[in-house]
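I opened the model today to look up a few local features and keep a record of them. The entries below follow the order in which I checked things.

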Amino acid sequence: MSQEGSASRKERARPIYLDYQATAPTDPRVLDAMLPFFKEKFGNPHSIHHSLGQEAEEAVEEARAQMAGLIGADPREIVFTSGATESNNLAIKGAARFLKENKGKSHIITVASEHKCVLECCRKLEREGFTLTILPVERDGLIDLAKLEEAITEQAALVSIMAANNEIGVLQPSAEIGAICRRRDVLFHSDAAQAVGKIPFDVQELGVDLVSISGHKVYGPMGIGALYVRRRPRVRLIAEMDGGGQERGLRSGTLPAPLCVGLGEACRIAAEEMEEEAVRLTALRENLYQIVVGSLDGVVLNGHREARLAGNLNLSFLGVDAEELIKAVPQLALSTGSACTSASVEPSYVLSALGVDDEVARGGLRIGIGRQTTTEEVSEAATILIEAVRKLRAQAPKAAM
């Protein structure tokens, strides 16, 4: 590396951020749109008897329309929540409990590589007496559609399969899943926190009935999300929260107008820039991957090679534990998987679901590239990773003695 490159590494005040699947920084344009609603436009959007409340309500409804526009929905089908975890809980528990009470359906189907909150929602329902089927995935992270159709019983109420995996970035065939669910008269819920704003996602084309969305994964603020609830044919839910009946009684509580505005603006930006951004991120991802595999042996790509998010790589370096590798590269902000399960010292359950051995599962490093990532940062990050892997591999025989 040149002296200039070494100097830039030393002068860097903060690490290179490569954890965009955990969270994305709020876009400055989003922040600009939000700020007035923290100051002069501070009205409660439910206080519609005066101008400040009306102003806030109008802004919230505009944000709802922007959110709906991004996914091809009717604004009336958008329910604001605190984030994708709440949306997942409301969708899965609300739909399953309603269908059990009113139609006697008590079978839920999901996938072994789903986000923890989806799996835990389903297990909670299983403890309530529901039948739960957790389908396996193939080595590339994709589900077998024939196995899905075979698993659907007459008692099936809901299928929950995420659009894009938060750890390995794999894109499931949502349109095909939706078609199966429609044919078998089963509701289809998709945790699309990682997908919306990153890939084209049209609820009509995909045939989804319930969709969970997260604000901070689409360069909006933390603490806000949404749930798409299909109106025709109507999907009914039993609410999780009791209160003043806001959001058509599905999610009581005062809506945070600034956060709603931020999510709406983030969706507007994504609708305009998503296609071009995906091309740029794919090029950056491929550049990083080619540099690494061209310099190191024993690199395993986890997840499908092409059917994945543009900004995601999940790599295992044989002979290197991912936790140790992260400690060895403080210049980089990386993770081993979901931020919701990062405290676990067990092998990644997502990678284990792929059928890989413990060495690969423990070695999985999630690399997330995003809107603010530069070509220079990718090249520098690749060099840092390569040097660290070589050093750790060289130290391994000594540590074993």
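Is E138 buried, partly exposed or exposed? I looked up its relative accessibility, which is 34%, so E138 counts as partly exposed; buried means under 20% relative accessible area, exposed over 50%, and partly exposed in between, with a 1.4 Å probe and protein chains only. I note at the outset that this is a predicted model, in which local features need pLDDT of at least 70 and side-chain atom pairs count only at pLDDT 80 or more, while totals for chains, interfaces and linings use all residues. Residues are numbered from 1 along each chain as its sequence is written, and side-chain values use heavy atoms, with hydrogens and water left out.

Entry on salt bridges. I took a salt bridge to be a side-chain nitrogen of Lys or Arg within 4 Å of a carboxyl oxygen of Asp or Glu, and by this rule the count comes to 23. E138 pairs in this way with K147, the closest N and O atoms being 3.9 Å apart, and K147 is partly exposed as well, at 38% relative accessibility. For E277 and R371 the closest N and O atoms are 2.7 Å apart. E277 lies in helix α9 and R371 in the loop between β12 (364-368) and α13 (375-400), so the pair ties together parts that are 94 residues apart in sequence; helices (H or I, at least four residues) and strands (E, at least two) are DSSP runs, numbered from the N terminus. Both E277 and R371 are buried. I also found R285 and E286 joined by a salt bridge at 3.2 Å, N to O, where R285 is buried at 5% relative accessible area and E286 is partly exposed at 21%. Salt bridges that share partners join D27, R29, E273, E277 and R371 into one network.

Entry on the nonpolar interior. I used the rule that a nonpolar core is a set of buried Ala, Val, Leu, Ile, Met, Phe, Trp, Tyr and Cys residues joined through side-chain atoms within 4.5 Å. The largest core has 64 residues, of which M67, I71, L148, V159 and F201 touch the most other members. Its largest share, eight residues, comes from α9. Apart from it lies another core of 31 residues, among them A310, L313, I369 and A388. With contact meaning heavy atoms within 4.5 Å, and leaving aside neighbours within four places in sequence, I listed the contacts of V159, including I109, L148, I177 and F188.

Entry on S190. This residue is found in strand β6 (residues 187-191) and is buried, with a relative accessible area of 0%. Leaving aside neighbours within four places in sequence, its contacts include I161, F201, V208 and S212.

Helix α4 (residues 84-103) has 20 residues and reaches 27 Å from its first C-alpha to its last, close to the 28 Å expected, the expected span being 1.5 Å times one less than the number of residues. Because 14 of its 20 residues are buried, α4 is largely enclosed by the rest of the structure. G104 follows α4 and has a positive phi, near 70°. Phi is also positive in D185, near 60°, and in Y219, near 70°; D185 is exposed at 56% relative accessible area, whereas Y219 is buried at 4%. Lastly, I recorded that the peptide bond from R232 to P233 is cis, with omega near -10°, and that P233 is in the loop between β8 (225-229) and α9 (257-295).
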